[in-house]
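Visitor: I have a protein structure open and would like to learn how to read it. Could you walk me through some features, one at a time?

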Amino acid sequence: MSGNIKLLSDTLAGAKAEGRSALIAYLPAGFPTVDGGIAAIKAVFEGGADVVEVGLPHSDPVLDGPVIQTADDIALRGGVKIADVIRTVREAHAATGKPVLVMTYWNPIDRYGVERFTAELAEAGGAGCILPDLPVQESALWREHAAKHDLATVFVVAPSSKDARLATITAAGSGFVYAASLMGVTGTRVSVGAQAQALVERTRATTDLPVCVGLGVSNATQAAEVAGFADGVIVGSAFVQRMLDADDEAAGLAAVRALAGELAQGVRGSA
């Protein structure tokens with residue numbers, strides 16, 4: 001079975017055709033439980049997310065701030081495995097027909113086996129992977145297997161990336177480019193800032209791929225701001241925080257569904 005890179009590309013193109021940015025949500029697999037995590041992803045799709053990134057919990061999440069680290073710790077203590085991540089992708093995609101990616105650090109894939117991981121992700125209906133710590137110059141093996149299985153390879157660019165480096169990264173990627181709005185780890189911010197807009201403009205000069213912005217967006221106003229210059233708005237910590245703050249699973253699902261609805265209005269300029 002082939003992966004769903006085309007579904008991802010078509011979804012992003014469809015949002016652009018509607019004159020808006022896509023809303024991309026992030027939630028870790030296995031949080032608060034495997035079943036609870038699947039339910040949360042379905043809830044954010046119901047609320048209005050176009051794409052979901054499923055986080056593969058890792059013990060050393062170098063890009064992730066304290067909120068996502070807390071969720072990862074809960075998932076890992078609950079015994080989450082890569083098989084649970086694949087199951088999460090499968091059930092979320094099967095229930096919604098929407099594109100679901102995995103966001104993961106390289107070490108778990110390397111240990112699991114690149115061919116095994118890409119084959120299983122494609123079979124589950126996955127659209128691809130975001131790989132924040134895989135250097136482009138070391139990515140040939142991954143990209144070979146991802147392409148064979150019709151999976152997107154999404155690389156992360158940062159404000160510190162020089163123009164020549166941006167061109168190298170975007171030439172190797174597929175699906176979309178993940179533009180980190182600032183230097184630092186994930187988490188909500190008071191302001192996303194002009195730095196993100198400048199990075200999007202520099203990145204667009206090197207590629208026709210959609211450029212989606214993450215790190216810092218937590219409310220509809222910020223989503224509307226970023227939607228003014230980016231092809232996609234990526235929100236993670238705000239969803240996870242809503243789950244952490246909820247008194248029970250039902251309240252958590254209601255909270256992330258409501259937040260997705262607010263953010264969906266934001267990317268449509270109707271916040």
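Visitor: Let's begin with P32: where is its place?

Guide: P32 sits in the loop between β1 and α2. Those labels come from DSSP runs, numbered from the N terminus: helices are H or I with at least four residues, and strands are E with at least two. A cis peptide bond, with omega about 0°, joins F31 and P32.

Visitor: What kind of model is this, and how are residues counted?

Guide: The model is predicted, so local features need pLDDT of at least 70 and side-chain atom pairs count only at pLDDT 80 or more, while totals for chains, interfaces and linings use all residues. Residues are numbered from 1 along each chain as its sequence is written, and side-chain values use heavy atoms, leaving out hydrogens and water.

Visitor: In what order do the strands of the open sheet run?

Guide: Two strands pair if DSSP finds at least two bridges between them. Here nine strands form an open sheet, ordered β5-β4-β3-β2-β1-β9-β8-β7-β6, with parallel pairing. At the edges are β5 (152-154) and β6 (156-157), each pairing on one side only. For a closer look, take β7 (residues 177-180) and β8 (residues 211-214), which pair in the parallel sense over four bridges. Y178 stands opposite C212 in β8.

Visitor: Which strands does helix α2 touch?

Guide: Contact means heavy atoms within 4.5 Å. Helix α2 (residues 34-47) packs on the sheet and touches β1 (22-28), β2 (51-55) and β3 (100-103). Axes are lines fitted to C-alpha atoms, for helices over the stretch in contact, and angles run from 0 to 180 degrees between N-to-C directions. The direction of α2 makes about 160° with that of β2.

Visitor: At what angle do α10 and α12 pack?

Guide: Helix α10 (residues 220-227) and helix α12 (residues 249-267) pack at about 35°, their axes 7 Å apart. On the α10 side are A220, A223, A224 and A227, which meet E262, L263, G266 and V267 in α12.

Visitor: Is C129 buried or exposed?

Guide: Buried means under 20% relative accessible area, exposed over 50%, and partly exposed in between, using a 1.4 Å probe and protein chains only. C129, found in strand β4 (residues 128-130), counts as buried because its relative accessible area is 0%. Leaving aside neighbours within four places in sequence, its contacts include L101, F117, W142 and V154. C129 and S174 are 45 residues apart in sequence and 9.8 Å apart in space, C-alpha to C-alpha.

Visitor: And what about D150: where is it found?

Guide: D150 is in the loop between α7 (140-148) and β5. With a relative accessible area of 32%, D150 is partly exposed. Phi of D150 is near 55°, a positive value in a residue other than glycine.

Visitor: Which residues touch the most other members of the largest nonpolar core?

Guide: A nonpolar core is a set of buried Ala, Val, Leu, Ile, Met, Phe, Trp, Tyr and Cys residues joined through side-chain atoms within 4.5 Å. The largest one has 92 residues, and V44, F117, W142, F176, Y178 and F239 touch the most other members. Helix α12 gives the largest share of this core, seven residues. Not counting residues up to four places away in sequence, F117 touches several residues, among them L56, I82, C129 and W142.

Visitor: Which residues of α11 are buried?

Guide: In helix α11 (residues 237-245), they are S237, A238, F239, V240 and M243. Their cover includes β1, α2, α3 (66-77), β9 (232-235) and α12.
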